[in-house]
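Please read the points below with the model open.

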Amino acid sequence: MSGGDPTDTFRQEAQELLEQLEQILLDLARTPDNPELVDSTFRALHTIKGSGSMFGFEEVAGFTHHVESAFDLVRKGKVAMTAALADIALAGKDHIRNLIERPESADAAAGQAILARLEATVGGHGAATETKATEIPAAAAPEAAKAHWHVHFRLPEHALATGTNPLLLIDELRSLGTATVTPLLDKVPPLEALVATECTIGWDIELQTEKPKSAIEDVFLFVMDEMDLRIEEIAAPKPAAAPAPAPVVAAPPKPAAKPAKTAAEVLKSGSSIRVPAERLDNLMDRVGELVIAQSRLKQIAAASQDGEFKSISEEIERLALELRDTTMGVRMVPIAQLFGRFRRLVHDLAVELGKEISLTTSGEETELDKTVIERLNDPLVHLIRNSIDHGLESPEQRQATGKSAQGHIHLSARHTGDKVLISISDDGKGLDRARIRARAEENGLVAPGAQMSDSELFQVIFQPGFSTAQAVTNLSGRGVGMDVVKRTLDALRGSIDIASTPGTGTEITLRLPLTLAIIDGLLVRVGQGRYVIPLSAVEECVELPHEEEGRASGRNFLNIRGDLVPFLRLREMFNATTPPDKYQKVVVVSANDMRVGLVVDQVIGDHQTVIKSLSKLHKGVGTFSGATILGDGTVALILEITHLVARGQRERTMKLAS
């Protein structure tokens, strides 16, 4: 049994439920007539209320009860679901989060204001419902409307240890109607073998109630996935007829599976365990050290003549590789987890600015290292806020230019080589090149009259303090947000590209490494130095033709099966002083959707590369994304292909110009 604080577990589970609840409510604001979303909202609120009460969060349970009651009325068709009710529930969700995470600073007055808005929306319907509920039994025969149910349940043995009280479940069943409870003692062990923390008793309950079957299932919502539960409708007993078991058999147990599945989805339960993030980081560090040690072992085995030693080295290499892949897989999470957070941001900003905005996403299944995902939240928030505030026009402006009143923002993610590309695009007015240029010259960032391409000029946006906003608002104008984006991307060894068409829109693309820990690399030698090329960027290796070896300048192109591929001589770029090898090799890599050859002296072979960060002194060298330790203890630099190709293009342009 874990010795951890159970309230921490509740906070973690509540965090997941609140995130899910937010997505459901945003969907409800768009499609309020969807009964499945209403049911999911009710179940999530019911779970938070019950768990909060169980772990002593009485204010959470009390506040959530009122919101849950409102959605219970919606679920029963007594109150219409509206976008306004969804907005109130979103505000309620935020207050519940504060009550859980920061109860000492939660504003009680704000909570009361939310409940007052909720009462104003559904209060009249609720009062009418309660009046009818008290009047109906007096006017009609209550027994005719009651159904008879047989409920059999047996909790898992560890239920008591995890905080589940079966007596509370039975009391909740009694509150639904008239109940006859029979304990099942067949699995209770002798007294000397009895364990106080194990639940070995089962229960059979005959229940008469006007409530539907779903109300009975809701009683067991918290423990439904692990318990033995059967709910069967039985015929009402009649004095004139002998009891027949046929109705019990005829009532199919299948419908019980559907609510159980929904509850599982709400609780996100499954065959998984919670592990603190720092433990994963420590595990990744240990695996990295193991990979370095295995590389050393492989190098020693290569120089050995002992066949058995080599065999053991190969086996350890295979196991280390599998362990690395498994550990990396644990750290990879789908980017949908990140994209889902921005629906609320877009919803709130659209209301605040009076704009109509739709948000779409694609590539949510794309996976990234969890560390990269965590650091991307703030940059994407700034980029989306800028797209909404600066990019998208008001509905009136859009209609005046022939566009639809509703603006559109699209988030997408995809793999390309060893990178993940995340794009934020909008169909707004685009970037104002003249305005950016004027503000850049005014701030001394660009020399007057200097020739600059659009891509170069747009990079000025990311300079500290730069802003084209005419006034400071809650959203923009201080020149801080885009600087945060740039600094975060630099820390992640990523890059930013901007493409914009006036009157059509803007697309900002973030290029990010797949992982910050371990990669497969191709180890090469240039002069006396050794370098690692990310293997995911490598397409093929060919030999440099003799006619190209002696050519010091001119058009550096290779004809590879009919395709012209430009190549860069790394010896020249790295100022290698030793004589070149007789047979140089060309490593063909993909960079920015183009093929480029890198001329090296020797291709040594594949290498499991544990990425180490460069020192502060060398972080500004964009040609290298990091370093790694080789088997002999020496250091090899990891090439940043995109920066390397861009540098080669600049140097060639300068050489041709001179």
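1. An open sheet of mixed pairing is built from five strands, in the order E14-E17-E18-E16-E15. Strands here are DSSP runs of E with at least two residues, helices are runs of H or I with at least four, and both are numbered from the N terminus. Two strands pair if DSSP finds at least two bridges between them. The edges are held by strand E14 (538-543) and strand E15 (557-560); each has a single partner strand, so one side of each has no neighbour in the sheet. From one strand to the next, the twist averages 35° (axes are lines fitted to C-alpha atoms, for helices over the stretch in contact, with angles from 0 to 180 degrees between N-to-C directions).

2. Within this sheet, strand E16 (residues 563-569) pairs with strand E18 (residues 594-600) in the parallel sense, over three bridges. Leu568 has Leu598 in E18 as its bridge partner.

3. A note on the source: this is a predicted model, in which local features need pLDDT of at least 70 and side-chain atom pairs count only at pLDDT 80 or more, while totals for chains, interfaces and linings use all residues. Residues are numbered from 1 along each chain as its sequence is written, and side-chain values use heavy atoms, with hydrogens and water left out.

4. The structure holds six aromatic pairs (rings of Phe, Tyr and Trp, the last by its six-membered ring, with centres within 6.5 Å; planes under 30 degrees apart are stacked, over 60 edge-to-face, the rest tilted). One of them is stacked, because the rings of Phe153 and Trp203 have centres 5.3 Å apart and planes at 20°. This pair links distant parts of the chain, with Phe153 in strand E1 (residues 147-154) and Trp203 in strand E3 (residues 202-209), 50 residues apart.

5. Phe153 also pairs with Phe220: the centres are 5.0 Å apart and the planes at 55°, so this pair is tilted. Phe220 lies in the loop between helix H8 (213-219) and strand E4 (228-234), so the pair ties together parts 67 residues apart in sequence.

6. Are its residues buried or exposed? Phe153 is buried at 0% relative accessibility, Trp203 is buried at 8%, and Phe220 is buried at 0% (buried is under 20% relative accessible area, exposed over 50%, partly exposed in between; 1.4 Å probe, protein chains only).

7. Elsewhere, Arg75 lies over the face of Phe42, 3.8 Å from the ring centre (the criterion is NZ of Lys or CZ of Arg within 6 Å of the ring centre and within 35 degrees of the ring normal).
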